[in-house]
Amino acid sequence: MAIEKVREYLKQFNMEQKIQEFETSSATVELAAQAVGCEPKRIAKTLSFKLTDGSAILIVCAGDAKVDNPKYKAYFGTKAKMLGADEVEPMIGHAIGGVCPFGINDGVKVYLDVSLKRFETFFPAAGSHNSCIELTCEELEKTSKGYVEWVDLCKGWQEE
């Protein structure tokens, strides 16, 4: 089970005890916000994309952010193409609803979007459809396997 893989991965940072598990689903931004008891924008959603070379990447962004296609194309040199539902688990290592940047497959690069930097803490998933972990920007950067850099690839979140 992916949550066990995440728990094992987070042990190296002494953070496995921070994982929260819920009786209800936290598979979407809205469900996760209800389970945690926070605003949806504080849910850190992890989106999976395929680059032209066939490799997979993850972009972790705020719950109210959307990938901006022109920014994505300018950064990666290609149009944004999300992984198909049947590709996510084999390429990333987690199923849809629990995708996170912890305990992922080797070779997957992780980009953290600046939309998260406005929060003291936020809640990415922890490998299952009913889990999360509360982290700061620094903790997310430190614990994300395959972390590359902070990027500005999203829109919609500044319109508060």
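Trainee: Which residues are linked with R7 in a network of salt bridges?

Mentor: E4 and E21 are linked with R7 in that network. Keep in mind that this is a predicted model. A search of the whole structure turns up 10 salt bridges.

Trainee: How do I read one such bridge? Which residue does K41 bridge to?

Mentor: Look for the closest N and O atoms. K41 pairs with E39, and their closest N and O atoms are 3.8 Å apart. The cut-off is 4 Å, so the pair counts as a salt bridge. Then check the surroundings. E39 has a relative accessible area of 47%, so E39 is partly exposed.

Trainee: Which residue forms a salt bridge with R42?

Mentor: E134 does, with the closest N and O atoms 3.7 Å apart. Now place both ends on the chain. E134 sits in the loop between strand 7 (131–133) and helix 5 (137–143), and R42 in the loop between helix 2 (29–36) and strand 2 (43–50), so the bridge ties together parts that are 92 residues apart in sequence. E134 is partly exposed at 28% relative accessibility. R42 is partly exposed too, at 22%.

Trainee: What does D64 bridge to, and how far apart are the closest N and O atoms?

Mentor: D64 bridges to R118, at 2.4 Å between the closest N and O atoms. This pair also links distant parts of the chain, 54 residues apart. D64 is in the loop between strand 3 (56–62) and strand 4 (66–67). R118 is in the loop between strand 5 (109–113) and strand 6 (123–124). The relative accessible area of D64 is 23%, which makes D64 partly exposed. R118 is partly exposed at 27%.

Trainee: On to rings. What describes a pair of aromatic rings?

Mentor: Two values describe such a pair: the distance of the centres and the angle of the planes. This structure holds 6 aromatic pairs. Take Y75 and Y111. Their ring centres are 5.7 Å apart and their planes stand at 80 degrees, so the pair is edge-to-face. Y75 is in helix 3 (residues 69–76) and Y111 in strand 5, so again find the separation: 36 residues.

Trainee: Is Y111 buried or exposed?

Mentor: Y111 is buried, with a relative accessible area of 7%. Y75 is partly exposed at 35%. Y111 also pairs with F76. That pair is edge-to-face, with 5.1 Å centre to centre and 85 degrees between the planes. F76 lies in helix 3 and Y111 in strand 5, 35 residues apart. F76 is buried, at 17%.

Trainee: Which residues is L10 in contact with, leaving aside neighbours within four places in sequence?

Mentor: M15, E16, I19, F102, I133 and T143.

Trainee: Step back. How many helices and strands does the protein chain have?

Mentor: It has 5 helices and 9 strands. From the N terminus on, their order is α-β-α-β-β-β-α-α-β-β-β-α-β-β. The radius of gyration is 14 Å, close to the 15 Å of the globule rule for 160 residues, so the chain is as compact as a globular protein of that length. Its C-alpha atoms fill a box of roughly 40 × 35 × 25 Å along the principal axes.

Trainee: What share of the 160 residues is buried?

Mentor: Buried residues make up 50%. Finish with the contacts. Of those with a separation of 6 or more, 65% join residues 24 or more positions apart.

Notes
Residues are numbered from 1 along each chain as its sequence is written. This is a predicted model: local features need pLDDT of at least 70, side-chain atom pairs count only at pLDDT 80 or more; totals for chains, interfaces and linings use all residues. Side-chain values use heavy atoms; hydrogens and water are left out. A salt bridge is a side-chain nitrogen of Lys or Arg within 4 Å of a carboxyl oxygen of Asp or Glu. Buried means under 20% relative accessible area, exposed over 50%, partly exposed in between (1.4 Å probe, protein chains only). Helices (H or I, at least four residues) and strands (E, at least two) are DSSP runs, numbered from the N terminus. Rings of Phe, Tyr and Trp (its six-membered ring) pair if their centres lie within 6.5 Å; planes under 30 degrees apart count as stacked, over 60 as edge-to-face and the rest as tilted. Contact means heavy atoms within 4.5 Å. The radius of gyration is taken over C-alpha atoms; the globule rule is 2.2 Å times the number of residues to the power 0.38.
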